[in-house]
Amino acid sequence: LPLVYSATLSGLHPNANYSIRITLVNTIGLISAPVTIATSTLSLTLGAPVIRSLYAISSTQLAMRWMITIDTTMAPADSWIVEYTPFGGSPKNVTVQGSLRMFTLTGLSRGTLYSVRLAGVNVAGLGPFSPYVQNTTTVDAPTIPEIQSALPLNSTSIAVSWAPPLDNGGQSIQYYVIQIRVLGGGTFSTVSQVLALQYMYVITAGVQDGTAYEVQVIASNGGAISIPSLMQVITPPIGPPFPLSVMPQVYGSTDTTAVVTWISPGGYIDNYILQYKPSDQTWNGATTYTVGASATIFTISGLIPNTSYDVQVCTNNKNSSSDFVAQTFITLAPPTLKVIGPTSAVPVGTTVALACVVESGYNSTVSWSRADGASLPPGASAQGNLLLFISVQIQTSGIYVCTFAGSAGPITEAFSLIVSSRLAGLAFHYLKYLSTKFAVHLDINTSRLL
């Protein structure tokens, strides 16, 4: 059998290529032909590790786990360099034992994003770093937002104010939660969530008069909430409402309607009671309306024309009603219309005006039309209460209607205009009469009413 020889070469460089030449020499000095073998030494350099997980376990701690990517049994890691960098800050590092595959970073800042990587160290020196992994530490609960005051503004509203927490828990306060419950009652109900820079709130929802309440304020930084700040408050009972300090006013009366207005006296008002009656009757038969607390105007309809009425208003709440405050008004008489125009035929080519008079003190806005529904003829134009015809023609003849929009419906008055080819000289004198009676100006040169 052939003999097997072995030899160990030491002092070589790691991760290096070598050529080994072997020559056999026997006892009598004969030398064989050399044999060359190519080989290489193993690498002792550590590969880049991989961080498998990085997670927050508190506001100041991040736990990490990692694995190695190259077998280093020949020269395992003696230690690990863990580098961690807070967002916007400078990197720091810590050295841990080479046998570990997990580690907890401590002493970190609350609510802060960290970038973490690590590299191994062995006899070959510092190996390559792993890729960065990021995570954020949690935040702590803010300290209590101390309530400064909780006071009733009136019987159904409570103003609460507070101071911001002395410690925000590592992250800016995002909002405050306002809660309330009846003293000794069940769970708190949330009435509002207000922005971080607001330190006062007025509670109105569900607040009753003469009731003891507990009010609490909670601060939140988005990651945790504070212990509630608590204070008790009692709302006063509702007293009698104030009466009107000024008599109600009536304006815009027509023959069948009247608009009543008043000024709120302030205080707690559930509603107003409005009553009206003809002045010659007693209040026992008065018509009564309940008007909402926010209203200060009411329109009465269905009245009798040209009649004196009394109207009175009082305030009302759950406690009682105030005294009535009264006023008297008179409705207008039914409106009447009268159309003034030529009493006989008018000559062709002259200017004619019809005047519609609304009596009984009403706003005198009217409209004009033809009785047959046709459009006004050429040269005719409605100018307020006047219907003006420039250079009338035979076809201008017809029935013209003045309409007034009364509260009980439209009121109309018709006028028959007759145009003749004779008697031209009378037209100018009639037009001059109209201009004097209705205070309008007649331009003699153009026969226009101005």
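Modeller: In this predicted model, strand β5, residues 79-86, is joined to strand β8 by eight bridges, and the two strands run antiparallel. Within this pairing, S79 stands opposite V121 of β8.

Strand β8 itself covers residues 113-122 and is mostly covered, with seven of its 10 residues buried. Strand β5 is one of its partners. Another is strand β10, residues 133-136, which is joined to β8 by four bridges and also runs antiparallel to β8. Here S115 stands opposite Q134 of β10. A further partner is strand β9, made up of residues 125-126, which two bridges join to β8, again in antiparallel fashion. In this pairing N122 faces G125 of β9. Strands β8 and β9 form a hairpin, and two residues lie between them.

The model contains 10 aromatic pairs. One of them is formed by Y84 and Y114, whose rings are 6.4 Å apart from centre to centre, with 50° between the planes, a tilted arrangement. This pair links distant parts of the chain, since Y84 belongs to strand β5 and Y114 to strand β8, 30 residues apart. Both Y84 and Y114 are buried.

Another pair may be set beside this one. How covered are the two residues? F298 has a relative accessibility of 18% and therefore counts as buried, because the limit for a buried residue is under 20%. Y289 has a relative accessibility of 33% and therefore counts as partly exposed, a class that lies between the buried limit and the exposed one, over 50%. Y289 and F298 also belong to a cluster in which ring pairs link them with Y276, Y309 and F329.

The charged end of R117 sits over the ring of F129, 4.1 Å from the ring centre. Elsewhere, the charged end of K277 sits over the ring of W283, 4.8 Å from its centre.

How values were computed:
Residues numbered from 1 in each chain as written. Predicted model: local features only at pLDDT ≥ 70, side-chain atom pairs only at ≥ 80, totals over all residues. Heavy atoms only, no water. Buried < 20%, exposed > 50% of the residue type's maximum accessible area, 1.4 Å probe, protein only. Pairing = 2+ DSSP bridges. Phe/Tyr/Trp six-rings, centres within 6.5 Å; stacked < 30°, edge-to-face > 60°. Lys NZ or Arg CZ within 6 Å of the ring centre and 35° of its normal.
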